[in-house]
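Biologist: Could you take a close look at one part of this chain for me? I would like a connected account of a few residues there and their surroundings.

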Amino acid sequence: RGVDRAAAGVAARLDCPRVPAPVIVIHAGAGGSSPPPELRDEAREALRTALRRGAAALGDGGEALDAVQAAVACMEDEVEFFNAGWGAVLCSDGTVELSAALMRGAERAASAAAIVTRCRWPVAAARAVLEVSDHVLMMGSAADRFAHAHGVERCDPAYFVTDRQRVRLAERGSDFDRG
């Protein structure tokens, strides 16, 4: 509450309007997975779709975490240019290792699933860690098994590998040496 009042005071002094409704902010990942120029309009539309999914989750009575999961799951599964899920940057051996993390600020709760290879939606795996475990981080095959046991759809690891990323790996090599 004190922070809200302080922020309102700053906004008033700067003549800034207060945000009357929730705001959803997303990013399309990191690490060299930008779409080529001829596909940028499609990528922008995909980001808009992810934002609409998040907004719809809120509009359906969902909480902020529902909106986050809906937006991220859209980016993980529907367009190959985001460094999340399908189309993610490949490891040096041509496989994909995925991760996702979530935070619930009001409770200072955080969770993550890392190095998953079989969870179709890594963000759903992170949500399972948050909601049904005492852990903050689960990794690798244990995280895959845990997520599946809690309703996260499994898929073949090859699902995530795209021709675009195979070409990228062949041309540029692994990001391993670059950090």
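**A close look at one stretch**

Modeller: Happy to! Arg108 is exposed, at a relative accessible area of 80% (exposed means over 50%, buried under 20% and partly exposed in between, with a 1.4 Å probe and protein chains only). This is a predicted model, where local features need pLDDT of at least 70 and side-chain atom pairs count only at pLDDT 80 or more, while totals for chains, interfaces and linings use all residues. Residues are numbered from 1 along each chain as its sequence is written, and side-chain values use heavy atoms, with hydrogens and water left out.

Arg108 sits in the loop that links β1 (98-104) to β2 (109-116); helices (H or I, at least four residues) and strands (E, at least two) are DSSP runs, numbered from the N terminus. The backbone of Arg108 has a positive phi, near 55°, in a residue other than glycine.

Strand β2 holds Ile115, and here too phi is positive, near 55°, in a residue that is not glycine. Ile115 is partly exposed, with a relative accessible area of 35%.

Now to helix α4 (residues 122-132), where Leu130 lies. With a relative accessible area of 10%, Leu130 is buried. Which residues is Leu130 in contact with, leaving aside its neighbours within four places in sequence? They are Leu65, Arg104, Ala109, Ala110 and Ser111, where contact means heavy atoms within 4.5 Å. For Ser111, 19 residues from Leu130 along the chain, the two C-alpha atoms are separated by 5.0 Å.
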